[in-house]
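Please have the sequence and the 3D view open side by side. The paragraphs below go through helix packing, salt bridges and a few loop residues in turn.

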Amino acid sequence: MFTRYSACLILLASCVTLNAQEFTAAQLEAFEKDVVPLLEANCLKCHGGTEPKGGLDLTTREGILKGGESGPAVDLQNPDSSLLIQAIKYDGLEMPPTGRMAPKQIEAIADWVKQGVAWPADLKALHFEAPKAAPTVNDETRKHWSFQPVRKPQVPKVDGSWGLNEIDAFILHQLEQKKLTPNPKADPRELVRRATYDLLGLPPDPAVVEKFAANPTPEAWAKLIDDLLASPHYGEQWGRHWLDLVRYAETNSYERDGAKPFVWRYRDYVIQSFNNDTPYDRFITEQLAGDELPQPTPDSIIATGYYRLGRWDDEPADPELAYYDDLDDIVTTTGQTMLGLSVNCARCHDHKIDPLPQKDYYKMLAVFRGVRRYGDRSDESVRNNSVTEIDQPEHSQLHQAAMAQYEREVANVEADLKKIEDKAKPSFVGVENDEFQYEMNRVPIIEKRQGTVLTDKEVERYRRLTQRRKQLQENRPTGLAQALCVKEDVAGLKPTYVLLRGNPLSKGEEVAPGFPEVLSPPNPEIANPENGKTTGRRMALAKWLTSSSNPLTSRVMANRIWQFHFGRGIVRSSSDFGFQGIRPTHPELLDWLAATFIEKGWSVKEMHRLIMTSAAYQMSSRNRSDAYAIDPVNDNFWRFDMRRLSAEEVRDSILWANGTLNQTRMYGPSIYTKIPDEVKAGQSRPGAGWGDSSPEDQARRSIYIHIKRSLLDPILESFDVADTDQTCPVRFVTTQPTQALGLLNSRFMQEESQKFADMIVEAHPDSLDAQVKMALERVMQREPSKEEIDRGLQLIATLQSDNKLDLAQARKYFCLVALNLNEFLYLD
């Protein structure tokens with residue numbers, strides 16, 4: 001019996017003749033144009049290289065003439081009966097096995113056979129490149145730098161007086177090897193601005209700048225850092241970095257893009273964790289398995305909202321595939337964010353670059369196999385699968401009264417809503433009955449009945465009641481709070497299989513929970529929790545990630561902390577420490593930082609103090625032609641890299657400059673900024689799911705803006721806000737026309753410039769000079785020079801004389817220009 005491969009051997013071996021033959025130019029052209037591409041695409045993968053299958057080598061004429069194990073594949077005397085032609089026509093035999101070729105392709109090969117298998121005399125062999133085999137897990141691949149245990153290297157000895165701590169010794173040692181010297185120290189005013197933006201994401205108060213500039217001692221610098229780390233706004237800045245990594249958003253994406261209930265509590269948890277300097281090992285443990293801790297807390301339950309941040313298809317065409325897509329999102333985010341490995345690339349096959357077999361991917365996936373899907377189809381399923389009550393017993397003496405009042409109000413609102421809905425439902429048509437089960441669709445469907453089935457007052461009442469119900473759901477009395485969290489289906493837990501080609505219908509080998517084999521991990525220590533509500537698998541993962549034997553966790557986070565201070569990591573590919581990732585520019589420094597991170601109890605704030613008190617951090621960003629000629633991309637850190645403010649920093653700084661930023665209100669449900677109707681028109685239902693916050697709330701920091709995947713705040717989007725569909729380790733800075741146009745012409749900038757003008761007039765009603773000076777001081781956070789003030793005054797005068805603007809208008813446009821200054825938008 002022929003196998004598919006032996007059939008191919010017979011078919012093609014017999015398609016040649018041993019006798020040399022002359023071929024026409026047309027025959028040779030047809031061979032090169034039509035036949036060769038088909039052989040390369042369909043045959044040479046198996047019948048080429050050093051060990052062609054069945055002994056049949058199709059890359060040379062000699063190989064074809066020799067044939068393979070199964071003998072001739074072509075009968076030149078009777079070509080139509082050749083096995084080759086039968087096989088490509090799927091007449092009994094079927095070649096290629098991956099799928100039948102197109103009729104024109106079959107005809108091309110058949111003609112080639114019938115005409116004697118034309119082959120150019122000067123063609124020795126067809127080009128063949130053997131596919132690169134995926135790396136295997138062995139002693140050699142385990143030698144990769146990031147797979148080695150973290151060991152604290154000895155600090156190098158260097159000459160000279162430059163340097164303030166161990167970090168500088170590593171930096172200077174490499175600079176000396178490259179014949180480079182470090183930049184001098186930055187100006188004190190630049191340092192205050194750099195530190196304040198790095199830690200708070202806000203401009204420094206000019207008075208603080210001048211105070212340090214008058215006494216820029218190491219002691220004053222250390223105190224400044226401590227003061228900034230003690231600010232509650234520190235958590236807002238560094239929490240935003242973490243939210244980028246875990247693809248934080250507050251809606252589900254896809255067509256409806258519905259809101260995720262209570263997701264803002266996760267954001268608040270992250271902010272509070274950074275402010276409290278929660279040890280990093282505890283921080284990731286709470287997110288992965290906060291519900292599996294021996295004594296779960298409200299915060300640790302909220303932390304598991306990590307699993308609910310991704311996209312959710314509420315109406316999948318293939319529910320089982322959608323389930324595995326959801327698990328893949330978790331494996332992807334966990335692998336890249338915490339391990340710095342693209343484990344997800346092994347979903348359908350062995351990883352092509354890293355030694356990560358497909359089996360390792362499914363061992364990781366098995367850890368999360370018990371996690372319930374975010375929801376099925378309805379809002380009720382989301383509440384059942386992903387929402388829980390969290391206990392806050394500190395005010396328990398008030399709970400009974402608060403609960404009674406709360407439940408009465410909820411019942412009254414629900415009853416009033418039901419009366420209006422019952423009146424409207426008989427008029428529903430088509431898909432409206434199905435769509436009405438989603439809360440986000442109810443108001444629009446009811447509004448369609450205004451003036452017919454329902455009166456104007458009834459529709460308006462329905463709107464108010466819906467808004468009130470939402471407020472009640474999000475603001476339960478203390479002790480009744482709800483949170484988005486993970487839940488597991490222990491009773492329905494199914495085995496995990498390797499899915500061939502990632503297809504849920506093609507199950508392969510069954511696997512147990514485990515970790516990437518190349519890291520030589522121990523077997524997971526899975527303890528079944530007594531409450532029977534979880535599998536214990538996620539806690540096993542958390543313990544391994546935070547163990548001293550894990551070579552990646554501390555390296556990856558130490559590199560991220562460095563990245564968010566210096567603009568790039570010691571490993572530039574900060575979520576890829578694998579074979580394809582960029583090797584560290586300072587490997588020993590990275591290991592020293594990773595080891596120190598663990599020694600300091602995984603304290604992020606201690607790492608800030610260490611990094612920011614180094615001479616490397618305090619270097620000037622000024623260019624030097626001699627150093628630039630040797631190291632134009634600053635691989636060796638001979639200077640500090642200038643950077644543009646992030647999207648949130650741009651918006652928050654504008655509000656800070658004009659005095660409207662509402663810094664005092666932190667935490668709580670997200671707010672909605674004004675978005676032009678023209679932008680909302682891009683939605684499938686323009687404006688759906690976007691609220692209208694009070695002016696005071698709209699002036700809150702950008703981290704509190706509602707993140708709707710299908711509708712982003714325009715100024716944040718244009719300045720490269722994080723992609724929320726997947727983990728975002730680096731925000732790549734773009735330069736595009738919409739940035740300049742938005743900062744000059746947008747409604748937001750026009751309104752904020754007017755507020756800025758009003759502010760400086762209120763402060764100095766009788767002095768235009770003082771107004772200009774104050775505006776420049778606010779945007780530059782330093783004392784402006786006389787020349788800079790004169791230039792501002794000249795602009796106002798020119799706008800009045802040449803453009804016929806009155807003083808108020810000219811002052812507004814001066815403020816607009818001030819908010820567009822490079823010194824405002826860039827950080828030295």
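Helix α6 (residues 166-177) and helix α23 (residues 587-599) have axes that come within 9 Å and cross at roughly 170°. Helices here are DSSP runs of H or I with at least four residues, strands are runs of E with at least two, and both are numbered from the N terminus. An axis is a line fitted to C-alpha atoms, for helices over the stretch in contact, and angles run from 0 to 180 degrees between N-to-C directions. The two helices are therefore roughly antiparallel to each other. Angles over 145 degrees count as roughly antiparallel, under 35 as roughly parallel, 65 to 115 as roughly perpendicular, and the rest as oblique.

The model is predicted: local features need pLDDT of at least 70 and side-chain atom pairs count only at pLDDT 80 or more, while totals for chains, interfaces and linings use all residues. Residues are numbered from 1 along each chain as its sequence is written, and side-chain values use heavy atoms, with hydrogens and water left out.

Which residues of α6 and α23 meet? From α6 they are Glu166, Ile167, Phe170 and Ile171, and from α23 Glu588, Leu589, Trp592 and Leu593. Contact means heavy atoms within 4.5 Å. The residues of this contact divide into six nonpolar, no polar and two charged. Here Ala, Val, Leu, Ile, Met, Phe, Trp, Tyr, Cys and Pro count as nonpolar, Asp, Glu, Lys and Arg as charged, and the others, Gly among them, as polar.

Another helix pair is α7 and α9 (residues 218-230), which pack at an angle of about 25° with their axes 10 Å apart. That angle makes α7 roughly parallel to α9. The crossing of α7 and α9 is right-handed. On the α7 side, Leu191, Val192, Ala195, Thr196, Leu199 and Leu200 take part, and they meet Trp221, Leu224, Ile225, Leu228 and Leu229 in α9. The contact of α7 with α9 has 10 nonpolar residues, one polar and no charged.

Next come the salt bridges. How many salt bridges does a search of the whole structure find? The total is 60, where a salt bridge is a side-chain nitrogen of Lys or Arg within 4 Å of a carboxyl oxygen of Asp or Glu. One of them joins Arg643 and Asp198, whose closest N and O atoms are 3.6 Å apart. Arg643 lies in strand β5 (residues 643-644) and Asp198 in helix α7 (residues 188-200), so this pair ties together parts that are 445 residues apart in sequence. Arg643 is partly exposed, with a relative accessible area of 24%, whereas Asp198 is buried at 2%. Buried means under 20% relative accessible area, exposed over 50%, and partly exposed in between, with a 1.4 Å probe and protein chains only.

Arg282 and Glu286 also form a salt bridge, with an N to O distance of 2.8 Å. The two residues are four apart in helix α12 (residues 280-289), which means that about one helical turn separates them. Arg282 is partly exposed at 34%, and Glu286 is buried at 7%.

In the salt bridge of Arg701 with Asp652, the closest N and O atoms are 3.2 Å apart. Arg701 lies in the loop between α28 (695-698) and α29 (714-718) and Asp652 in helix α26 (residues 647-657), so the pair ties together parts 49 residues apart in sequence. Arg701 is buried, with 3% relative accessibility, and Asp652 is buried too, with 2%. Elsewhere, a network of salt bridges links Arg142, Asp360, Lys363 and Glu517.

Finally, consider some loop residues. Most residues other than glycine have a negative phi. Phe262, in the loop between α10 (233-245) and α11 (264-275), has a positive phi near 60°. Phe262 is buried, at 7% relative accessibility. Gln781 also has a positive phi, about 55°, and is found in the loop between α32 (768-780) and α33 (786-801). Its relative accessible area is 2%, so Gln781 counts as buried.

Key: Left-handed = near helix turned anticlockwise from the far one by under 90°.
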